[in-house]
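User: Could you walk me through a structure that I have to describe for class? I would like to ask things as they come to mind.

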Protein chains: 2
Amino acid sequence: MAQSSQKINMADVARAAGVSMATASRALNNENGVAEATRRRVLAVAEELSYVVSPEASRLAGGDTGRVAVVVPHISRWFFAALLEGLESVLRAADLDVLLYHVDGIEDRHDFFHRLPARRKVDAVVVLAFPVGEEEQRRLGLMGVTIIAAGGQHAPYPNVSINDETAGRQAMDHLLFLGHRRIAMIAAVDPDQPDEVQPSGRSNAYYAALRDAGIPLDERLVVTVDWGGDQGADAMAKLLSRPEPPTAVYAHSDEVALGAIRTLRRAGLRIPEDLSVIGIDDHPVAELTDLTTVRQPVREQGELAGRMLLSILRGEETEHDVVVPTQLVIRGSTAPPRS
Amino acid sequence: MAQSSQKINMADVARAAGVSMATASRALNNENGVAEATRRRVLAVAEELSYVVSPEASRLAGGDTGRVAVVVPHISRWFFAALLEGLESVLRAADLDVLLYHVDGIEDRHDFFHRLPARRKVDAVVVLAFPVGEEEQRRLGLMGVTIIAAGGQHAPYPNVSINDETAGRQAMDHLLFLGHRRIAMIAAVDPDQPDEVQPSGRSNAYYAALRDAGIPLDERLVVTVDWGGDQGADAMAKLLSRPEPPTAVYAHSDEVALGAIRTLRRAGLRIPEDLSVIGIDDHPVAELTDLTTVRQPVREQGELAGRMLLSILRGEETEHDVVVPTQLVIRGSTAPPRS
């Protein structure tokens, strides 16, 4: 299908839809002067034929839309919203409009990427904080527009992110430096994203840090859950039911860490006297709850992605992989283990 | 200016820009076949003249854009992001695109509304969670598109919201029922919004509840701060410096309440044994931190606004003011005062 879709041209679409070339062109370019029913028929036929206006043809036809599509897997979670806020601020300042696409779950995601090539409404697509699978990359490619990514790894596109493994090492090294040896990990995965594209840097950091410290791995101290506070709380309950519970917990995110802390408090345990907990992110609530964490600059990643996109649209050279630094923020949830 | 802008027609714009009527029309309707420089000149002239394509003319010209503008004062705060997520889900299901406009601060807001009428790119505008001033209403009106509001009061537009005064009463009545008489209020205002449009229902609830309970008002127990956790922390410090501190604190939001709790913990006070704290919202973190609060359904307000907008676009009748219920959620941060 990738092969044949390259060969479809506007004449094919016009013929299949039973309209003139001029009408097909107007319908595909979303211009006026085409009856709604006709427009829908042309678009349906174009989609069926996987017809894609070539970027060159589109540019010749005066293609700049002044719009950028932003694709996000979540909106109401702080991390994604902060990325979006940073990105939007830069695009707005450049007078570009932001079209927001929330791709919510695997079904939705499949549908979005399937329909993507027919959506020739934007100059660029920004993929926020999720890894893009191979078939999805192919669909994105068919659009023939600029694509960049932010807040996630594994993108073949120009992208802005943190180094998850470095962030995880900063968290683990802090716990090891305090003298902890029985360190648990609450690993988080996104149930709405395909397994093969889940980043694993934060988990790799755990295994590498233990190995480098000469501490044998105890698999009973690793619990994997979906992202979220309640899931962190459940994971902590599991860890407390082990014959020999940990003295410290490394959680893949602050929300997961906060859930773990709720379980500890309900069990009557004190933090950090009885157990240390560390997260990753520096979620605004981490400061309010005195949570030790590894800060990543989130809004800034969105802003950098926006500036990178503007450079590309202006035809300038840009870096391909921009990695922003993370930083340990020590607050009240970590301390040396009880001796 | 409101008067004269009504009389400007396309011929005026064409004349002032030195182009033909056909070219002016194409430029204003964002069609192809107009040189970029010409298009910019026509739009600049149109904006200068406050020219607005009349909705009737626009509809006759085949005006449906399939796009809805969503205007938000904040993106990365949970409340706003959750509203947006609910709204986007409904609009996306109806195959409408969401254009996101973040109006960040008073300057930005002024600029946005000033330029608004020239942005004839959408079928509707949804104003999320901020009250719209009179001059802003006039600018919105010039667009001649459907306008609705969600998550905030004082809208002359069809809108979805909670009753802030009822929510505040639910919080206050809970504290009064537990036996508290020295109740402080941490009131929150948005520094980025004009004072005259700030909703005051949550404050009114405090005064009314005290009055109904026959408790004399002590103004030293009221502290007003900007929205935010750090601000709540500062406000709590002020309250603890009073000669006779409160036994309970009613905060206008959960984030403000969490800040207050951080100050109490740092002062070595126990919650709820030494002091009770209640918020409003049921922010996801409230559950993780065992905060008693008044829940408002936020995502649902966004969804309802989306459905209301679809009804209006289909020409159906809808309610003008939809008020969604709030509900007390008792957790571990409130208890009777020490006797």
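**Talking through the model**

Analyst: Let me begin with one residue, A:Arg138, which is partly exposed, its relative accessible area being 24%. Please keep in mind throughout that this is a predicted model.

User: Which side chain does A:Arg138 meet in a salt bridge?

Analyst: The partner is A:Glu135, and the N to O distance between the two side chains is 3.3 Å. Both residues belong to helix α8 of chain A, which covers residues 134-143, and they sit three residues apart, about one turn of the helix.

User: OK, what about A:Asp230, which residue does it form a salt bridge with?

Analyst: A:Asp230 pairs with A:Arg262, and their closest N and O atoms are 3.3 Å apart. This pair links distant parts of the chain, since A:Asp230 is in helix α11 (residues 229-240) and A:Arg262 is in helix α12 (residues 254-266), 32 residues apart. A:Asp230 is partly exposed at 34% relative accessible area, whereas A:Arg262 is buried at 9%.

User: Which residue of chain B forms a salt bridge with A:Arg262?

Analyst: That residue is B:Glu287, with the closest N and O atoms 3.1 Å apart. B:Glu287 lies in helix α13 of chain B while A:Arg262 lies in helix α12 of chain A, so this pair joins two chains. B:Glu287 is partly exposed, with a relative accessible area of 31%.

User: Which elements of chain B touch chain A?

Analyst: The elements that give two or more residues to that side of chain B are α6 (78-93), β2 (97-102), α7 (106-115), α11 (229-240), α12 (254-266) and α13 (284-288). The largest share, seven residues, comes from α6(B).

User: How many residues are in contact there, and how much area do the chains bury?

Analyst: In the contact between the chains, 41 residues of chain B meet 41 residues of chain A. Together the two chains bury about 3700 Å², with 45% of that area on carbon and sulfur atoms. B:Asn32, B:Asp97 and B:Leu288 supply 17% of the area that chain B buries against chain A, which is more than any other three residues. Polar contacts also join the chains, with a count of 16 residue pairs.

User: How are the two copies arranged, then, and what rotation superposes chain B on chain A?

Analyst: A rotation of 180 degrees, with 0.0 Å of shift along its axis, superposes chain B on chain A with an RMSD of 0.1 Å. That is the relation of a two-fold axis. In chain B, the C-alpha nearest the axis belongs to B:Leu99, which is 2.3 Å from it. The copies meet through the same surface, because 100% of the interface residues of chain B are also interface residues in chain A.

User: Switching topic, which residues touch the most other members of the largest nonpolar core?

Analyst: They are A:Tyr250 and B:Tyr250, in a core of 150 residues. A second, separate core has 35 residues, among them A:Phe112, A:Val132, B:Phe113 and B:Val122.

User: And how many helices and strands does chain A have?

Analyst: Chain A has 14 helices and twelve strands, and 57% of its 339 residues count as buried. Among contacts in chain A between residues at least 6 apart in sequence, 72% join residues at least 24 apart.

User: One last thing, where does A:Asn159 lie, and what does it touch?

Analyst: A:Asn159 lies in strand β5 of chain A, residues 159-161, and it is buried, with a relative accessible area of 5%. Leaving aside residues up to four places away in sequence, A:Asn159 touches A:Ala149, A:Gly152, A:Met308, A:His320, A:Asp321 and A:Val322.

Methods:
Residues are numbered from 1 along each chain as its sequence is written. Chains are lettered from A and ligands numbered from 1 in the order in which they are written. This is a predicted model: local features need pLDDT of at least 70, side-chain atom pairs count only at pLDDT 80 or more; totals for chains, interfaces and linings use all residues. Side-chain values use heavy atoms; hydrogens and water are left out. Copies are superposed by least squares on the C-alpha atoms of residues with pLDDT of at least 70 in both. Contact means heavy atoms within 4.5 Å. A nonpolar core is a set of buried Ala, Val, Leu, Ile, Met, Phe, Trp, Tyr and Cys residues joined through side-chain atoms within 4.5 Å. Buried means under 20% relative accessible area, exposed over 50%, partly exposed in between (1.4 Å probe, protein chains only). Buried area is the accessible area (1.4 Å probe) that two parts lose on being put together, summed over both. A polar contact is a pair of N or O atoms within 3.5 Å; within protein, one must be able to donate a hydrogen and the other to accept it, and residues adjacent in sequence count only if both atoms are side-chain atoms. Helices (H or I, at least four residues) and strands (E, at least two) are DSSP runs, numbered from the N terminus. A salt bridge is a side-chain nitrogen of Lys or Arg within 4 Å of a carboxyl oxygen of Asp or Glu.
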